[in-house]
Amino acid sequence: NSETLISILALFWFCWLWQHEFWLPPGITWQDMQESEDVHYPQPRDLLLSIPFALILVVIRCAFERAIALPLSSKLGVRDKQRPKAQPNPMLETFYSTRCKNPEEGELISLAKQCDLPVRKVERWFRCRRNTDRPSLSKKFCENSSHIRVAFSFQKPWLWDHRECWTGYPQQPLQPSLFWYYLLELSFYWSLVFTLPFDVKRKDFKEQIVHHAATIFLISFSYCANYIRIGTLVMVIHDASDCFLEPTKIFNYMKWKKTCDSLFMIFSAVFLISRLVIFPYTVLYNTYYYSMEIFQPFFGYYFMNGLLIILQLLHVFWSCLIIHMVYKFILQGTVWIGFYSPVHYMGREGPPRPLGRTGVHLGWIPSCPSEIIHVHS
């Protein structure tokens, strides 16, 4: 029957996909990767542990935000603006909830006729209603506080001698410290996926989903293919700048402009150096040339390097935006780099207004390809 045929095709596809010629260097088979009592290699089933760990992180985050971050925000001077509420109107509320939150001019005219209201008043109602849904500063503060990450440092030889990444590859036993590092990183990104529906909705919501999915795939692939030493290099390099990101936004919400400005410049410097200098040398050069001293190219070699090249192209793209942003911040005083939908920018809410020379306003700085930069100085 059809179910049996599908099962056979799936089994054939699985067996074909995991041929050792694809994922292991020439001369190595899956039999050579068998575990023993003293030697353990990465196993795909290990990654399933990241799901319950991610749920634990979600619980910890919720408890932290309610018990610590929210009271702390008020003590540190984070104040929510009082926003006028829209007057109750069932017809406009139904349109807002089911069809569109920012209607076109023709829709505004039609709604005004149905409600027997001036067009300007209907337009003002939608503006107030949208402002009501906007997340408060305290919510942003709590969310960013729970996203603070620490850059881990390992005293591993391959962090300094990059040829050590390939010594004995692929028969490199899994070390407990690296296992837990991978598990925590993967669990962290799964927790971000689980909380996306409840987090602050930014304009790059879809891009965030794509980014988190790509990150989970890259971490999982490097673990399953035992590229763990290269994977740790990539994650440490990225964590080096990410650990400055959330504190920068937190100090911005607290109105500590000088501290925010200083952290922003530090973040920019670390981001540019780590992504444009350290990453090409320690990762790209390493995987392209040092690996060739150990084995001949195979499909997994090309696949991994292709992913890393794509990642580096994204680094270059976002680095250009950061350089442009820093230039504007230093010389011109007003910067806003982001993406706007045509409706949002057509005048109903207007373009972003400069706040004067009061420092950097960070809505979403890119530590990864999907993120958007919002800056005022």
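So, helices H11 and H12: H11 covers residues 257-288, H12 covers residues 299-331, and their axes come within 10 Å and cross at roughly 155 degrees. Axes here are lines fitted to C-alpha atoms, for helices over the stretch in contact, with angles running from 0 to 180 degrees between N-to-C directions. H11 and H12 are therefore roughly antiparallel to each other; that label is for angles over 145 degrees, with under 35 being roughly parallel, 65 to 115 roughly perpendicular and the rest oblique. Who sits in that contact? Its residues split into 24 nonpolar, six polar and two charged. For those classes, Ala, Val, Leu, Ile, Met, Phe, Trp, Tyr, Cys and Pro count as nonpolar, Asp, Glu, Lys and Arg as charged, and the others, Gly among them, as polar.

Before I go on: this is a predicted model, where local features need pLDDT of at least 70 and side-chain atom pairs count only at pLDDT 80 or more, while totals for chains, interfaces and linings use all residues. Residues are numbered from 1 along each chain as its sequence is written, and side-chain values use heavy atoms, leaving out hydrogens and water.

Okay, the whole chain. We've got twelve helices and zero strands; helices are DSSP runs of H or I with at least four residues, strands are E runs of at least two, and both are numbered from the N terminus. Of the 377 residues, 44% are buried, meaning under 20% relative accessible area with a 1.4 Å probe and protein chains only; exposed is over 50%, and partly exposed is in between.

Now back up to H10, residues 228-253. H10 packs with H11 at about 170 degrees, axes 9 Å apart, so those two are roughly antiparallel as well. Their contact has 19 nonpolar, nine polar and three charged residues. H10 is mostly covered, with 21 of its 26 residues buried. There's also a kink of about 30 degrees, centred on alanine 240; the bend is the angle between axes fitted to the seven residues ending there and the seven starting there.

Last stop, the loops. Which peptide bond is cis? The one from tyrosine 169 to proline 170, with omega near 0 degrees. Proline 170 lies in the loop between H7 (137-146) and H8 (176-195).

Then there are two positive phi values. Aspartate 116 has phi near 55 degrees and is exposed, at 69% relative accessible area. Asparagine 226, between H9 (205-224) and H10, has phi of about 60 degrees, but asparagine 226 counts as buried at 5%.
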